[in-house]
Amino acid sequence: MIESRIVSIQVGMPATHGADAVSSKPWQSGIFKVPAQGRVFLDTHNLAGDGQQDLKNHGGPYRAVLAYSAAHYPLWEAELRPLLSEGVAFGYGAFGENFTVTGYDEDTIHIGDIIAVGEARLQVSQPRMPCWKLARRWGLKDLTARVDEKAWGGWYHRVIETGHVQAGDEYRVIDRLYPDLPIKRLYQLMVERETDTAAYHKLAGMFDILTPSWRTHYGHLAATHSSPA
């Protein structure tokens, strides 16, 4: 059994950010997260004090909490430090995640996993595919492409049971429904770096587990790849 804990919890509300080295135009985002102190209440849409600007692609009941592997940080630090301005801190929450967790990553967390953390119960609902805002947040134009190449975007949860959580809580998989479908594989299937018609059909039928927009997309892929050439 993998031992895993939440080493840090981050929250942040949407805000308008000004011109920077990437663009002269202001932009809106909730990607800037700061560490939360003590217990934080998690409801079906958000942690207390957290929010999203783009509710089409972020937030909602299937994307209530974003988790990210703490193990990625030393590797990112080595890769990105030479590109960042001197003195810029690149710590937990750098990828806009709410939970920074030990033990798990995109290869070892699976779609549909039931997670016990604090008073809450969560279910893994989709991979996270970061958008341009992550690159802009750090002033690194190719950061989103670097994340995409590694498939290190993190993973989202829906909330089955609400409750308080805090840094230090165990992050424990209590049920694994799909041991053949780790988060990284879903990502690769989504962007068609792999083709697996049987998996497309399985994913398209994951009602109340997989985010609806992802189910729809996999349904389209299933139909496309099932059609005669």
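Biologist: What should I know before I start?

Modeller: The model is predicted, so local features need pLDDT of at least 70, side-chain atom pairs count only at pLDDT 80 or more, and totals for chains, interfaces and linings use all residues. Residues are numbered from 1 along each chain as its sequence is written, and side-chain values use heavy atoms, without hydrogens and water.

Biologist: How many helices and strands does the protein have?

Modeller: Helices (H or I, at least four residues) and strands (E, at least two) are DSSP runs, numbered from the N terminus. The protein has six helices and 12 strands.

Biologist: In what order do the strands of the open sheet lie?

Modeller: Strands of a sheet pair through backbone hydrogen bonds, either parallel or antiparallel. Two strands count as paired if DSSP finds at least two bridges between them. Here eight strands follow the order S4-S1-S7-S6-S10-S9-S8-S12, with mixed pairing. Strands S4 (34-35) and S12 (172-175) are the edges, each pairing on one side only. S1 and S4 run antiparallel, joined by two bridges. Gln10 stands opposite Pro35 in S4.

Biologist: Which residues have the most contacts inside the largest nonpolar core?

Modeller: In soluble globular proteins, nonpolar side chains tend to be buried together. A nonpolar core is a set of buried Ala, Val, Leu, Ile, Met, Phe, Trp, Tyr and Cys residues joined through side-chain atoms within 4.5 Å. Buried means under 20% relative accessible area, with a 1.4 Å probe and protein chains only. The largest core has 25 residues; Leu47, Phe99, Ile109, Leu122, Trp155 and Tyr171 have the most contacts inside it. Apart from it lies another core of 17 residues, including Trp76 and Leu140.

Conventions
Buried < 20%, exposed > 50% of the residue type's maximum accessible area, 1.4 Å probe, protein only.
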